Amino acid sequence: MKYKYLIKIFTKVLQTKFEIEVDKEINTVEELHPHIIDFLGKSDIDWEQNDLQYNSTENDFYITYEEVTNGSGQHGTVRQETETRV
């Protein structure tokens with residue numbers, strides 16, 4: 001079984017998001033790290049300006065991830081294809 005995840009990386013200035021597909025379910029951020037490193041190693045990252053304002057004295061970035069079951073997550077919500085959306 002394949003698992004698909006939507007990953008979002010935010011820095012204080014830039015943000016990016018991408019999807020990965022893996023064979024094993026990801027349960028911790030530590031399991032996610034190798035996939036993020038593989039993605040960041042590519043030169044085709046599409047960074048956008050981050051308009052979200054946050055102040056942190058400890059971290060200059062944060063990462064979110066969510067499992068996507070049927071279609072990409074949009075606006076923080078995973079949306080499934082239904083009769084009304086098709």
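**Reading a four-stranded sheet**

Author: The open sheet here has four strands in the order β3-β2-β1-β4, paired antiparallel. The edge strands, β3 (48–49) and β4 (61–67), each pair on one side only. This is a predicted model: local features need pLDDT of at least 70, side-chain atom pairs count only at pLDDT 80 or more, and totals for chains, interfaces and linings use all residues. Residues are numbered from 1 along each chain as its sequence is written, and side-chain values use heavy atoms, without hydrogens and water.

Reader: What counts as a strand?

Author: Strands are DSSP runs of E, at least two residues; helices are runs of H or I, at least four; both are numbered from the N terminus.

Reader: How do strands of a sheet pair?

Author: They pair through backbone hydrogen bonds, parallel or antiparallel. Two strands count as paired if DSSP finds at least two bridges between them.

Reader: How many bridges join β1 to β2?

Author: Eight, with β1 (residues 3–11) antiparallel to β2. L6 has E19 in β2 as its bridge partner. The two strands form a hairpin, with two residues between them.

Reader: How many bridges link β2 and β3?

Author: Two, again in the antiparallel sense. Q49 in β3 is the bridge partner of L14.

Reader: Where is E25 found?

Author: E25 lies in the loop between β2 (14–22) and α1 (29–40).

Reader: Is E25 buried, partly exposed or exposed?

Author: E25 is partly exposed, because its relative accessible area is 35%. Buried means under 20%, exposed over 50%, and partly exposed in between (1.4 Å probe, protein chains only).
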